[in-house]
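Please examine the sequence and the three-dimensional structure shown below.

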Amino acid sequence: MKNIILVGPMGAGKSTIGRLLAKELRLPFRDSDKEIEQRTGASIPLIFDVEGEQGFREREHAVIMDLCQMQSVVLATGGGAVLRKDNRDELRAGGRVIYLCTSVEQQLDRTSRDRNRPLLQKPNPRETLTSLMAVRDPLYREVADIIIQTDERPPRLVVVEILDQLQSFTPRESLGRSALS
């Protein structure tokens with residue numbers, strides 16, 4: 001089975017939905033940001049502080065390359081993973097890409113208390129998120145096989161919709177639970 005790769009902005013639910021989707025499909029779940037933290041032994045904010053965004057993006061690229069080479073995993077990527085063309089190429093080649101689309105309002109609601117988001121530690125998070133979406137939304141759409149709206153929807157309903165959408169891309173046998181048991 002191909003990998004299922006989740007892209008989208010911070011606060012779209014990639015990690016939460018990815019874990020639920022992986023459980024439903026009985027596949028391993030990987031989170032590129034968590035992978036970076038495990039490999040470096042440092043938090044994302046610390047990497048940003050020490051190496052800047054460019055240093056973080058280099059580490060992110062190496063992790064994306066490795067994770068996209070795996071087979072049959074559900075992968076949640078960081079919000080900026082699509083910024084590099086070579087990452088976008090890897091993501092497209094690495095599996096079915098699902099863009100979890102959400103509004104800036106929903107992002108603000110979901111990320112307002114999270115201090116682990118270096119790009120939001122600024123005076124006007126709304127302005128930051130709006131600018132990021134202007135640049136990134138076309139890139140998410142470029143790599144996406146499927147686009148799913150997550151605003152004000154319970155994660156389990158989003159997972160059901162993803163499974164329904166994946167059925168139209170892949171023969172039922174390779175996605176069905178019996179094939180994964």
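The following paragraphs describe the chain as a whole, then its helix packing, a strand residue and its aromatic pairs.

The structure is a predicted model. Its chain contains nine helices and five strands. Read from the N terminus, these elements follow the order β-α-β-α-α-β-α-β-α-α-β-α-α-α. Of the 181 residues in the chain, 49% are buried. Where contacts join residues at least 6 apart in sequence, 73% of them link residues at least 24 apart.

Helix α2 comprises residues 32–40. At its start, the backbone nitrogen of Asp33 has a side-chain oxygen of Asp31 within 2.9 Å. After the helix comes Gly41, which has a positive phi, near 70°. Within α2, the residues Ser32, Glu35, Ile36 and Glu37 are buried. Their cover includes β2 (29–31), α3 (44–68) and β3 (74–76).

Two packed helices are described by the angle between their axes and the distance between the axes. For α2 and α3, the axes come within 9 Å and cross at roughly 110°. An angle from 65 to 115 degrees counts as roughly perpendicular, and α2 is therefore roughly perpendicular to α3. The crossing of α2 past α3 is right-handed. On the α2 side, the residues that meet α3 are Ser32, Asp33, Glu35, Ile36, Glu37, Arg39 and Thr40. Their partners in α3 include Ile44, Ile47, Phe56, Arg59 and Glu60, and also Ala62, Val63, Ile64, Asp66 and Leu67.

The contact involves Val104, Glu105, Gln107 and Leu108 of α5, which meet Pro125, Arg126, Leu129, Thr130 and Met133 of α6.

Leu6 lies in strand β1, which spans residues 3–7. Its relative accessible area is 0%, so Leu6 is buried. Apart from neighbours within four places in sequence, Leu6 contacts Lys14, Ile17, Gly18, Leu75, Ala76, Thr77, Ile98 and Leu100. The C-alpha atom of Leu6 is separated by 9.8 Å from that of Tyr140, although these residues are 134 apart along the chain.

The aromatic residues complete this account. How many aromatic pairs does a search of the whole structure find? The search finds two. In one of them, Phe48 and Phe56 form a tilted pair, with a centre-to-centre distance of 5.0 Å and an angle of 35° between the planes. Phe48 and Phe56 are both buried. Phe56 is also among the α3 residues that α2 meets.

Why is the pair of Tyr99 and Tyr140 tilted? The ring centres of Tyr99 and Tyr140 are 4.9 Å apart and the planes stand at 35°, so the pair is tilted. This pair links distant parts of the chain, as Tyr99 belongs to strand β4 (residues 95–101) and Tyr140 to helix α6 (residues 125–143), 41 residues apart. Tyr99 counts as buried because its relative accessibility is 0%. Tyr140 likewise counts as buried, at 1% relative accessibility.

Conventions. Residues are numbered from 1 along each chain as its sequence is written. This is a predicted model: local features need pLDDT of at least 70, side-chain atom pairs count only at pLDDT 80 or more; totals for chains, interfaces and linings use all residues. Side-chain values use heavy atoms; hydrogens and water are left out. Rings of Phe, Tyr and Trp (its six-membered ring) pair if their centres lie within 6.5 Å; planes under 30 degrees apart count as stacked, over 60 as edge-to-face and the rest as tilted. Buried means under 20% relative accessible area, exposed over 50%, partly exposed in between (1.4 Å probe, protein chains only). Helices (H or I, at least four residues) and strands (E, at least two) are DSSP runs, numbered from the N terminus. Contact means heavy atoms within 4.5 Å. A polar contact is a pair of N or O atoms within 3.5 Å; within protein, one must be able to donate a hydrogen and the other to accept it, and residues adjacent in sequence count only if both atoms are side-chain atoms. Axes are lines fitted to C-alpha atoms, for helices over the stretch in contact, and angles run from 0 to 180 degrees between N-to-C directions. Angles under 35 degrees count as roughly parallel, over 145 as roughly antiparallel, 65 to 115 as roughly perpendicular and the rest as oblique. A crossing is left-handed if the near helix is turned anticlockwise from the far one by less than a right angle, and right-handed if clockwise.
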